[in-house]
Amino acid sequence: MVRPRTNDAGKPGTTRRSLLGGVAAFGVLGAAGCSRVATASTTRGGDLLGRLKAQGVVRLGIAGEIPFGYIDRNGDLTGEAPELAKVIFRRLGVDRVQPVPTEFGSLIPGLNSQQFDVVSAGMYINPERCRQVVFSDPDYQMLDSFIVRKGNPKGLHTYRDVVEKKAKFATGTGYAEIEYAVAAGYRQGDILIVPDQVAGLNAVEAGRADVFAGTALTTREVVKKSRTAEATEPFAPLVKGRPHVDGGGFAFRTTETGLRDAFNAELKKMKASGELLRILRPFGFTRAEMTDMTAKELCRG
């Protein structure tokens, strides 16, 4: 559930990680996307924060992706990004959040067409997206990891290992891990593409794949109940010959730098106090996913 993993022009099937539960989430609250927010201000830095305070609610674009932003079985909005948004916006004087579910590839178009106020979906920050929106600093960083058989019999720890040991490689639909494997020399036509990390685990357990590549968080979580598979230690894939670490954050319209700056100020306090980790921990995040990277760094690529 990489990072230049997709384009975000609203094309079907494009995701940053895998898109989990998007259809179900849309069925619950799809009508929320039918009305539009007020048009953007031409005021320097934007006046959206003032308008949100006045109306008492902020609309969050989510993509139904566990654990980043989704509707749970009780019909409640949750996930690492929405739970963080609830706290920060309350401190900014906006008491309520309202989810607007959509497909991941429609988040940036939906934001820029006024369908919602903020993208709250744990979106990876990369140069292409930074040309379309402004980002908060990342609230988490993410490395990759493999699902392998217990004991990792083929000794697979990097994409280069997969190539050199001629392992049967699997990853998810639209995952950036496809690009990472190809860059390491794996033939794209030989990659087994499966829907998500659960299907990846099944492929490894059944022997249809030697390894499934995904994010460290999703692989770590999905193998917890497996008797025959495990997750490898997280690692940074190589991009242009250099280790690459991704970071995810909140997206705002380019006119609303005032809101972005106010959001960043609260986020910085929460990082310093350790409150951020306490909010994200229930969703599987650990201290290893905490980061001091900035959006500016990630936007440079």
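How many aromatic pairs does a search of the whole structure find? The search turns up 14, where rings of Phe, Tyr and Trp (its six-membered ring) pair if their centres lie within 6.5 Å, and planes under 30 degrees apart are stacked, over 60 edge-to-face and the rest tilted. The structure here is a predicted model, in which local features need pLDDT of at least 70 and side-chain atom pairs count only at pLDDT 80 or more, while totals for chains, interfaces and linings use all residues. Residues are numbered from 1 along each chain as its sequence is written, and side-chain values use heavy atoms, with hydrogens and water left out.

As for confidence, pLDDT (the predictor's confidence in each residue, from 0 to 100) averages 88 over the protein, and 86% of the residues score at least 70. Residues 1-42 sit below 50, and this stretch has 142 contacts in the model beyond near neighbours in sequence, a contact being heavy atoms within 4.5 Å.

Back to the rings. Phe-146 and Phe-235 make an edge-to-face pair, 5.0 Å centre to centre with 70 degrees between the planes. Phe-146 belongs to strand 8 (residues 144-149) and Phe-235 to the loop between strand 12 (229-231) and strand 13 (238-239), so this pair ties together parts 89 residues apart in sequence. Helices (H or I, at least four residues) and strands (E, at least two) are DSSP runs, numbered from the N terminus. Phe-146 is buried at 0% relative accessibility, and Phe-235 is buried at 11%; buried means under 20% relative accessible area, exposed over 50%, and partly exposed in between (1.4 Å probe, protein chains only). Both rings also belong to a cluster linked by ring pairs, together with Tyr-159, Phe-169, Tyr-180 and Tyr-186.

Another pair joins Tyr-175 and Phe-212, whose ring centres are 6.1 Å apart with planes at 70 degrees, so it is edge-to-face as well. Tyr-175 lies in the loop between strand 9 (169-172) and helix 7 (177-183), and Phe-212 in strand 11 (residues 211-215), 37 residues apart. Tyr-175 and Phe-212 are both buried.

Over in helix 12 (residues 295-300) is Leu-298, buried with a relative accessible area of 9%. Leaving aside neighbours within four places in sequence, the contacts of Leu-298 include Ile-125, Asn-126, Pro-127 and Val-245.
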